[in-house]
Amino acid sequence: MRRLVAGYPVEVRLLAVLVALCIGLSLTTDTFLTLGNITSLLNNNAVNLIWAVGLLVVLIAGGIDISFAVAASVVQYLSAQVFMVVEGNWIFGILVASAFGLCLGLINAALIHGFRVVSIVITIATFNAYFGLLMFFTKGRNIYDLPDWWTDRIYIFEHQAADGTWSELNLSVGIMLVCVVLTALLIRATTIGRQLYAMGDNPDGARRAGVNIWLMHCVAYGWLGVMAGIAGLCQVNIAQEVVPNALYGRELEVLAAVVLGGARLGGGRGTVLGCILGVLFIAITQNGLNLLGISPFAFQMIIGTAILIAISSSNLSFNFRPRRRAAEGRLP
Amino acid sequence: MTDASAPPLALRLRNLSKTFSGVHALEHVDFEVRAGEVHCLAGENGCGKSTLIKVVTGVHAPDPGAEIEIFGARQSAITPTHARAMGIAVIWQDLALFPHMSVAENIAFDTMVGARPRLVRRRRDRKAAAAVLDRLGERLDLDAPLNTLPIAQRQIVAIARALMGEARLVFMDEPTASLTQSETDGLLAVVRTLSEQGVAVVFVSHRLAEVLDIAERVTVLRDGKLVGVFPTEGMTQARLGELMTGSLLSHEVMAHDRSGEPAVLEVEGLSLAGKVEDVSLTVRRGEVVGLTGLIGAGRTELAHAIIGMMRPDRGTVRLDGKAIAPKNIREAIHAGIAYVSEDRLSLGLIQPQSIEDNTVIAVLDKILDAVGLISPTRKRAMVSEWISELAVKIGHPSDPVSSLSGGNQQRVVLAKWLATEPRLLILDSPTVGVDVGARAGIFRTVRRLAEAGLAILMISDEVTEVVMNADRVLHMAGGRIVGEYDPRTTDVATMEERVYA
């Protein structure tokens with residue numbers, strides 16, 4: 001237990017804060033701890049969490065990607081074109097969206113690896129390029145004419161309360177669970193995953209050990225591409241339409257969640273559990289402010305403060321033993 | 001045909017040359033390592049040691065005409081994977097480990113690379129890692145993240161990782177550079193264990209004493225050429241140093257009596273809770289005072305207390321008879337103290353910046369023009385003064401500091417601090433990671449600065465070094481000064497016994 005606390009300080013701390021937050025909200029509102037509220041929280045955040053675990057893989061490998069949310073929009077648009085011609089279903093849809101997402105991810109990987117340019121620069125470039133192309137071809141118009149299988153609600157859980165209100169979980173929550181489990185398996189249980197951690201932890205050491213850096217870039221950005229595509233597919237099912245600029249800006253919200261969950265910018269650290277906690281923290285904070293009737297403008301401020309506290313506290317370490325010589329014996 | 005009585009060879013190189021864009025890094029070098037032997041590869045920085053290691057491990061291809069035999073098998077081309085499969089492993093100076101991964105994962109990491117992707121076999125890797133550590137007679141927490149381990153234990157992890165790949169020939173590139181004396185002894189014991197188990201070890205080190213201690217034979221390279229292969233039996237440090245540098249190094253005690261000179265630094269009853277206990281010392285004009293002792297004896301803390309990086313609890317510090325109590329390094333510089341830290345590479349210099357910018361960074365206020373902007377003329381004048389004064393070998397002052405060799409970088413650090421025109425210079429472990437020739441250069445500089453009237457306090461954990469180069473030697477242990485020695489009447493061996501005991 002002590003090892004768990006020492007090894008995953010951010011996750012443990014965030015979990016504690018989250019539990020406190022939930023208890024606080026359960027006591028101060030009578031709406032938070034209801035089945036309806038919890039299921040709608042999950043429905044509304046499935047897409048973010050799918051993105052978050054995808055982004056986690058890239059962060060672990062020592063990269064960053066700003067373009068995934070816009071890439072998801074591109075996938076939505078391209079998939080819509082395919083589904084207009086070909087009769088589809090969810091299996092086929094997931095395959096198509098994954099394929100498009102994979103391609104967009106591999107473009108990032110190829111540019112980053114081929115030109116040896118830092119990932120933030122490349123993905124800012126592709127972020128702009130994808131968005132520009134999308135707006136150019138769609139002329140900013142929404143698509144409402146979508147196949148029924150895509151927009152029909154599918155519930156994986158339904159429950160009617162005594163007062164007649166329904167609570168239900170969308171298909172996207174199920175897809176989200178599958179994505180989360182698969183990502184956890186990839187990074188924890190496969191040799192590829194361990195090489196991703198190693199590459200993020202010590203790139204030079206990984207190269208000298210013979211890790212195939214090109215393959216690792218493809219896995220990391222490709223995985224995020226696939227997750228982005230699948231999340232895009234799910235988001236259409238929730239929103240019932242394809243809006244070209246609907247996802248623009250969501251990338252920073254997801255990045256904030258992943259970083260809050262303890263993933264290290266620069267690589268080598270981060271867990272799926274942290275991602276889940278990070279996304280939940282942001283979701284529950286927002287939800288709580290709503291339920292308490294506090295101005296939604298406070299939300300951004302609170303998230304900003306939370307990130308500051310989470311990141312700086314992980315550098316401070318909460319023991320008050322005198323710091324080691326190595327830490328203070330430093331000269332300009 | 002080989003002589004039947006000769007032990008089998010782990011590695012045999014004949015006529016090895018390697019040219020980088022016209023420059024010979026290695027020229028017609030022959031090199032042999034016997035199976036299970038501890039062999040030292042010695043030479044100054046840039047003599048071709050690293051190039052040799054990189055050719056054998058397949059990082060660089062040799063020039064045509066070279067013959068390479070590994071465990072008796074003739075090799076035409078070597079790739080890194082191939083080298084590893086043949087049982088060759090390198091422990092790089094930076095260890096190339098993964099700080100956030102566990103000890104077990106670090107040791108077993110190479111088994112995950114190169115092969116087809118598969119599931120991680122945690123339990124098996126853990127068991128294998130434990131078995132390898134057992135072979136080395138070491139006990140480590142397998143689940144601890146690597147970055148929680150001290151450097152010495154990380155070395156063990158790196159060695160274990162090499163053994164995990166069934167290594168039979170291990171190259172160790174300066175494994176002891178950042179270890180203390182007792183940690184070094186531990187490492188050398190592990191190297192002996194390896195050798196007893198039939199693993200050949202090629203050991204690269206700047207510390208000649210341990211080279212002679214551990215190796216059976218030593219191959220000396222100079223400027224890419226083979227100087228010779230010598231048994232360590234009967235070899236002395238002085239002789240080895242000469243072979244490496246090609247010139248006679250002075251091995252005389254340099255001490256002078258400076259007791260008639262006025263005191264520059266006077267420390268009285270200085271204490272720092274738990275670190276420094278009631279220390280009093282004096283450094284006179286033109287005097288080099290050596291301060292030695294084990295790591296953790298409080299040497300660095302004493303220096304930090306003098307310059308105000310740590311606030312002393314009690315005691316006074318006087319500079320030129322005037323009591324000072326600097327609150328930070330800026331005030332110490334202002335008072336006339338320069339402190340050159342032990343980690344020159346990462347802390348002393350701004351690597352990507354130019355030599356000139358690094359030289360003047362501590363004295364920017366002295367090179368301002370009338371309007372308060374940096375004057376290029378004054379800057380250039382100051383830089384050229386110090387570069388010639390310290391004989392720094394450079395291309396152009398605007399080249400980045402990272403283009404210089406370790407010894408020359410050390411001189412730039414010195415120049416940077418000397419430009420502040422200090423009264424007292426504190427050198428903390430000035431020769432860590434510096435090769436023999438450059439060390440001699442540093443000590444010549446130190447001596448010259450002292451002759452010019454500077455008072456110098458030199459901290460080092462190598463007793464030989466302080467005895468050879470200081471006018472007086474202070475021995476520190478447990479935060480106290482426990483002895484004072486006159487190098488002219490002290491025997492290095494007895495002194496070493498006392499310090500390392």
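In the predicted model, helix α3 of chain A, spanning residues 35-60, packs against helix α8 of chain A, spanning residues 171-189, with the two axes 8 Å apart and at an angle of about 20°. This angle makes α3(A) roughly parallel to α8(A), and the crossing of the two helices is left-handed. On the side of α3(A), the contact is made by A:L42, A:N43, A:A46, A:V47, A:L49, A:I50, A:V53, A:L56, A:V57 and A:I60, which meet A:S172, A:V173, A:M176, A:C179, A:V180, A:T183 and A:I187 of α8(A). Sorted by class, the residues of this contact comprise 14 nonpolar and three polar ones, with no charged residues.

For chain B, the domain assignment gives three entries, namely domain 1 (9-245), domain 2 (263-336 + 424-436 + 457-501) and domain 3 (343-421). The centres of domain 1 and domain 2 of chain B, taken over C-alpha atoms, are separated by 36 Å. Contact between these two domains of chain B involves ten residues of domain 1 and nine residues of domain 2. On the side of domain 1 that touches domain 2, helix α8(B) gives the most, with three residues, and the residues of that side divide into three nonpolar, six polar and one charged.

One sheet of chain B is open and is built from six strands in the order β6-β7-β8-β3-β9-β10, with mixed pairing. Strands β6 (88-91) and β10 (225-231) of chain B stand at the edges, and because each has a single partner strand, one side of each is left without a neighbour in the sheet. With direction ignored, neighbouring strands of this sheet are turned by 20° against each other on average. Within the sheet, β3 (residues 38-42) and β8 (residues 200-204) of chain B pair in the parallel sense over four bridges, and B:C40 stands opposite B:F203 of β8(B). Helix α8 of chain B, residues 237-245, packs on this sheet and touches β3, β9 (217-222) and β10 of chain B, its direction making about 35° with that of β9(B).

Another open sheet of chain B likewise has six strands and mixed pairing, in the order β16-β17-β18-β13-β19-β20. At its edges are β16 (337-340) and β20 (480-485) of chain B, each of which pairs on one side only, and the twist from one strand to the next averages 20°. Strand β13 (residues 288-292) of chain B runs parallel to strand β19 (residues 472-477) of chain B, to which it is joined by four bridges; in β19(B), B:H475 is the bridge partner of B:T292. Helix α15 of chain B, residues 436-451, lies across β13, β17 (424-428) and β18 (455-459) of chain B and runs at about 150° to β18(B).

Finally, the contact between the two chains takes 26 residues from chain B and 24 residues from chain A. On the side of chain B that touches chain A, helices α2 (80-85) and α9 (299-307) of chain B each supply at least two residues. By class, that side of chain B has 16 nonpolar, six polar and four charged residues.

How values were computed. Residues are numbered from 1 along each chain as its sequence is written. Chains are lettered from A and ligands numbered from 1 in the order in which they are written. This is a predicted model: local features need pLDDT of at least 70, side-chain atom pairs count only at pLDDT 80 or more; totals for chains, interfaces and linings use all residues. Axes are lines fitted to C-alpha atoms, for helices over the stretch in contact, and angles run from 0 to 180 degrees between N-to-C directions. Angles under 35 degrees count as roughly parallel, over 145 as roughly antiparallel, 65 to 115 as roughly perpendicular and the rest as oblique. A crossing is left-handed if the near helix is turned anticlockwise from the far one by less than a right angle, and right-handed if clockwise. Two residues are in contact if their C-beta atoms, placed from the backbone, lie within 7 Å. Ala, Val, Leu, Ile, Met, Phe, Trp, Tyr, Cys and Pro count as nonpolar, Asp, Glu, Lys and Arg as charged, and the others, Gly among them, as polar. Two strands pair if DSSP finds at least two bridges between them. Domain bounds come from an automatic or database domain assignment.
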